[in-house]
Structures are given as C-alpha cells and as structure tokens.
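Reader: I am new to this structure. Please pick a single part and take me through it closely, one step at a time.

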Amino acid sequence: MRHNKTINHLGRTASHRKALLSNMAVSLIMHKRITTTVAKAKALRVFIEPIITKSKSDTTPSRRNVFSYLKDKNATTELFRVIAPKVAGRPGGYTRILKTGFRQSDGADMCFIELVDFNDLYSQNKGAVKAAEKPKTRRSTKKKAAPAAEAPAAEAPATEAAAE
C-alpha cells in the first residue's frame, strides 16, 4: 500500500534527487520551457512553485532562501528580476505540463513543462477569449447614459450657429 508516500523518489538517492531537481529548476528558469518525462515534471512542479512564490517578495532573506535551493546566482537573479514581476498577480499555478507522447528508445511518457506567463501563444489567445466573452447585463442605466451623452454633443453645434 502507498500510505503516506507523497514524494516520488524517481529511483534516486536523496542527494541525487535534490541535485536533479535543482538543475532542472535552473534550466526551467533560464529557458522558460524544458522537455522531460512526466514523472520528473510533476516532481519539478512541486519543487519550483514554492520557490517562485518566495521570489514574489524581493528581500534579502527570500533571495538567500531561494539561492539555497537553486545554487545558481544567474538563475536567482533571473527569477527575481524577470519572472517574479510577471507572476506577481497570480495566486499560484506558475507551471504548465503538456504531454508530448512517448520516447522512441524506452517508451517513457514525455512532456514539456513551462512557465505559464511566458508562453506567447496561450497569452495572446487568452486575451482574445476574454474580450469576446464579455458578460451581457440587463441593466438599463447604461442605455440611459448613452443618449444623455449624445444630447449635449448635438446641442453644441446648434448654440454655435445661434451665436454667429
């Protein structure tokens, strides 16, 4: 039975797994999208999302805490300067896993893992969907306000003609 077995050990020792996840997190931060197996991607998502949440507050203790996980100065700088401001309004869910099929050699289930706010294809379509799906309201105040705004515009030329 799998009771209380929440961590996928990925067939590695604790130190090897920690180094693997750290290196994959650095690659994801620097490249914004990486290709890996689904099991590693799910383990990486659990590893990196709290790190991105910590990077939202740009303080010295949070930088040191993030650096202790990543062990890469450039990745830490990239995370705090580029990624954190872009995900500041997002309450979580910073990564997306897209399955791509099976690896040719051993049949492993492969996928992309990417940072959500850095995929231009999804970001552009998301804005178009929101603009197209404006909620229809049944309020009559908007209809009354529109003719009132047009009425002074119509009266203005008439007063100018009377003044001449």
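Author: Start with Leu10, which sits in the segment before helix α1. Helices here are DSSP runs of H or I with at least four residues, strands are E runs of at least two, and both are numbered from the N terminus. The model is predicted, so local features need pLDDT of at least 70 and side-chain atom pairs pLDDT 80 or more, while totals for chains, interfaces and linings use all residues. Residues are numbered from 1 along each chain as its sequence is written, and side-chain values use heavy atoms, leaving out hydrogens and water.

Most residues other than glycine have a negative phi. Leu10 is not a glycine, yet its phi is positive, about 60°. Leu10 counts as buried, at 13% relative accessibility. Buried means under 20% relative accessible area, exposed over 50%, and partly exposed in between, with a 1.4 Å probe and protein chains only. Asn4 also lies in the segment before α1. Its phi is positive too, about 55°, and it is not a glycine. Asn4 is exposed, with a relative accessible area of 78%.

Now the helix. α1 covers residues 14-31. It has 18 residues and spans 26 Å from first C-alpha to last, close to the 26 Å expected. That expected span is 1.5 Å times one less than the number of residues. Its buried residues include Arg17, Leu20, Leu21 and Ser22. Met24, Ala25, Val26, Leu28 and Ile29 are buried as well. The cover over the buried residues includes β1, α2, α3, α4, β2 and β3.

Take α4, residues 73-86. The axes of α1 and α4 come within 9 Å and cross at roughly 45°. Axes are lines fitted to C-alpha atoms, for helices over the stretch in contact, and angles run from 0 to 180 degrees between N-to-C directions. The pair is therefore oblique. Angles under 35 degrees count as roughly parallel, over 145 as roughly antiparallel, 65 to 115 as roughly perpendicular, and the rest as oblique.

Which residues meet? From α1 come Val26, Ile29 and Met30; from α4 come Asn74, Ala75, Glu78, Leu79 and Ile83. Contact means heavy atoms within 4.5 Å. By class, six of these residues are nonpolar, one is polar and one is charged.

After α1 comes Lys32, with a positive phi near 70°. Phe118 touches Lys32, and also Val82, Ile83 and Lys86, not counting residues up to four places away in sequence. Phe118 lies in the loop between β3 and α5.

Notes. Ala, Val, Leu, Ile, Met, Phe, Trp, Tyr, Cys and Pro count as nonpolar, Asp, Glu, Lys and Arg as charged, and the others, Gly among them, as polar.
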